[in-house]
Amino acid sequence: MSTIVFLLPEIQSMANSDQSANASRTRTRESTGAISVVDRLVSALGRDIAGGVWRPEETLPTEPEIAHRFGAGRNAVREAVKILTAKGFVRTERRAGTIVRPEFCWNLLDPEVLSWMLSALSNRDNLLEELSELRSIIAPTVAALAATHASAEETLRIGEAYDQMEKLTDEMPRVIDADVNFHELLFEATHNRLLVALVPAFSHLLRTNFEISVRAGKPVSRNLKEHRQIAEAVARRDPEAAQRATRKLLAKNAADLSEMIKKERRTRGGSGQRATEGSASV
């Protein structure tokens, strides 16, 4: 077991008093059983638009046509279009119908939108490269802020999240869950509401990144050292050390990601784009 939890012995007693004052995280959606017709319509239409079946400024089929295609009622189609409109995917105009909006209008911080885009190979590589750039901008600051502002309980939870990563190294996908959780806890420990608002989108991209890394044969254990250094720096309240460890982690991740993308592009070039579509699923 990692020694992080015991790095600062006094933290444990402080955490006990903090615990009652902190609300438990509630990032998971409420379960409503079977997926509704509207949800299926939103997902199908969203994936088609993200995949380029309908391009910007093109008009979607009419309500009756969509209803017939998916075996849905027209009310369900209207609700689905409303949701896609809220996500920035389409706009409706009287007499013109439902028109696809350009990509820069899409809500890219919506995890569902990211899922649709990642399901298209042409989007996935670019998004993951952009994630690497985004992480290099945000993650070191997140680690430094966590080291500055984390409560005793939050510090313990970050240490425990690292312990889980260490224990679950050979258990997929549980180790990926632990890795994502580690980074989510760092965001929350910043106590910056705007950064915390990025967690759902950031976590979705991180999970995809980690899953692809694992499938490419990159063991999670090779990054444990940097994660431990980050957790220890947070426990010591050392923002500079947290930043340094995060930058080392990001440098390794960026190199791995670049290597994987190049390999997959070569594979697609030799055997056709559809051949690798299954390995790109999220």
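These legends go with close-up views of a predicted model.

View 1. Mean pLDDT for the protein chain comes out at 83, with 82% of residues at 70 or more. Among the elements, helix H11 (residues 224-236) has the highest mean, 97, while helix H1 (residues 10-19) has the lowest, 45. Residues 1-34 have pLDDT below 50, and that stretch makes 43 contacts in the model beyond near neighbours in sequence. Residues 273-282 are also below 50, with 18 such contacts.

**View 2. Helix H3 crossing helix H4.** Here the axes of H3 (residues 63-70) and H4 (residues 74-86) come within 9 Å and cross at roughly 105°. Angles of 65 to 115 degrees count as roughly perpendicular, so that's what we call this pair. On the H3 side you'll find Glu 63, Pro 64, Ile 66 and Ala 67, meeting Arg 74, Val 77 and Arg 78 of H4. Sorted by class, that's four nonpolar and three charged residues, with no polar ones.

**View 3. The largest cavity.** This one holds about 170 Å³ of space. Its lining has 15 residues, and Asp 179, Phe 210, Ser 213, Asn 223 and Asn 253 sit closest to the centre.

View 4. Helix H6 gives the most to the lining, with four residues. Among the lining residues are Arg 135, His 183, Phe 187, Phe 202 and Thr 246. By class, the lining has nine nonpolar, two polar and one charged residues.

Terms used
Residues are numbered from 1 along each chain as its sequence is written. This is a predicted model: local features need pLDDT of at least 70, side-chain atom pairs count only at pLDDT 80 or more; totals for chains, interfaces and linings use all residues. Side-chain values use heavy atoms; hydrogens and water are left out. Axes are lines fitted to C-alpha atoms, for helices over the stretch in contact, and angles run from 0 to 180 degrees between N-to-C directions. Helices (H or I, at least four residues) and strands (E, at least two) are DSSP runs, numbered from the N terminus. Angles under 35 degrees count as roughly parallel, over 145 as roughly antiparallel, 65 to 115 as roughly perpendicular and the rest as oblique. Contact means heavy atoms within 4.5 Å. Ala, Val, Leu, Ile, Met, Phe, Trp, Tyr, Cys and Pro count as nonpolar, Asp, Glu, Lys and Arg as charged, and the others, Gly among them, as polar. pLDDT is the predictor's confidence in each residue, from 0 to 100. On a 1 Å grid over the protein atoms alone, a cavity is a set of points where a 1.4 Å probe fits but cannot get out, and a pocket is an open set with protein on both sides within 12 Å along at least five of seven lines; lining residues have an atom within 4 Å of a point. Grid points are joined across faces, edges and corners, and a volume is the space filled by probe spheres set on the points.
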